[in-house]
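Please look over the sequence and the coordinates below before reading the report. The notes are meant to be followed with the model open.

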Amino acid sequence: MIKRIETQEELDAAWQLRKDIFVDEQNVPVSEELDDLDQVPTTIHVLAADEEGPTATGRILLDGPGRVHLGRICVAKRTRGSGLGRILMSELERIAAEEYSADGKLTIDLSAQDSAQGFYGRLGYEIIDDRRYLDAGIWHRDMRKIIAR
């Protein structure tokens with residue numbers, strides 16, 4: 001089950017999953033993982049869970065009319081390879097399009113870790129330019145997808 005986060009308890013569960021994956025697994029400093037953008041009123045968080053607990057999360061940041069940035073996308077180790085990441089992305093895109101499309105169009109940007117670029121590419125995201133950069137000690141590239149409703 002994937003749902004839009006509505007309570008502080010659900011947000012805390014998403015933060016814990018992000019900490020488990022980004023901070024504990026990938027050694028991202030906690031000060032860089034949790035940020036003020038989590039609390040902006042236009043930020044939308046989603047959480048997937050099963051009978052064992054949280055399995056995936058991500059957030060949608062409003063960049064401007066018809067433009068969003070997806071981020072903090074992660075899937076629990078125990079559910080990786082199950083197709084959950086693809087389902088999570090589909091739900092993030094659906095919600096973003098419903099909330100933030102302009103004139104039926106939405107540009108979605110994301111910062112993809114090198115190891116995830118193939119995954120995002122299979123979902124229709126394209127690398128924007130040749131720039132490759134370190135974010136929290138992990139190599140990334142910017143990717144984009146444009147959807148129309």
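## Model and confidence

This is a predicted model, in which local features need pLDDT of at least 70 and side-chain atom pairs count only at pLDDT 80 or more, whereas totals for chains, interfaces and linings use all residues. Residues are numbered from 1 along each chain as its sequence is written, and side-chain values use heavy atoms, with hydrogens and water left out.

The protein chain has a mean pLDDT (the predictor's confidence in each residue, from 0 to 100) of 95, and 100% of its residues reach 70 or more. Confidence is lowest in helix 2, at a mean of 88, and highest in strand 6 (residues 126-127), at 98. Helices (H or I, at least four residues) and strands (E, at least two) are DSSP runs, numbered from the N terminus.

## Strand 2 and its partners

Strand 2 is joined to strand 1 (residues 2-4) by three bridges, the two running antiparallel, and Ala48 of strand 2 is the bridge partner of Ile2. Strands count as paired if DSSP finds at least two bridges between them. Seven bridges join strand 2 to strand 3 (residues 53-64), again in antiparallel fashion; these strands form a hairpin with two residues between them, and Asp50 has Gly53 as its bridge partner in strand 3.

Five of the seven residues of strand 2 are buried, so this strand is largely enclosed by the rest of the structure. Buried means under 20% relative accessible area, exposed over 50%, and partly exposed in between (1.4 Å probe, protein chains only).

Thr42 lies in the loop between helix 2 (30-33) and strand 2 (44-50) and is partly exposed, with a relative accessible area of 30%. Not counting residues up to four places away in sequence, Thr42 touches Ile60, Leu62 and Tyr100, where contact means heavy atoms within 4.5 Å.

Thr55, by comparison, is placed in strand 3 and counts as buried because its relative accessibility is 3%. Its contacts, leaving aside neighbours within four places in sequence, include Leu17, Ala48, Asp50, Cys74 and Leu84.

## Nonpolar cores

The largest nonpolar core has 28 residues, and those with the most contacts inside it are Ile60, Leu70, Met89, Tyr120 and Tyr125. Such a core is a set of buried Ala, Val, Leu, Ile, Met, Phe, Trp, Tyr and Cys residues joined through side-chain atoms within 4.5 Å. Helix 3 gives the most to this core, with eight residues.

A second, separate core of seven residues includes Leu17, Ile21, Val28 and Ile138.
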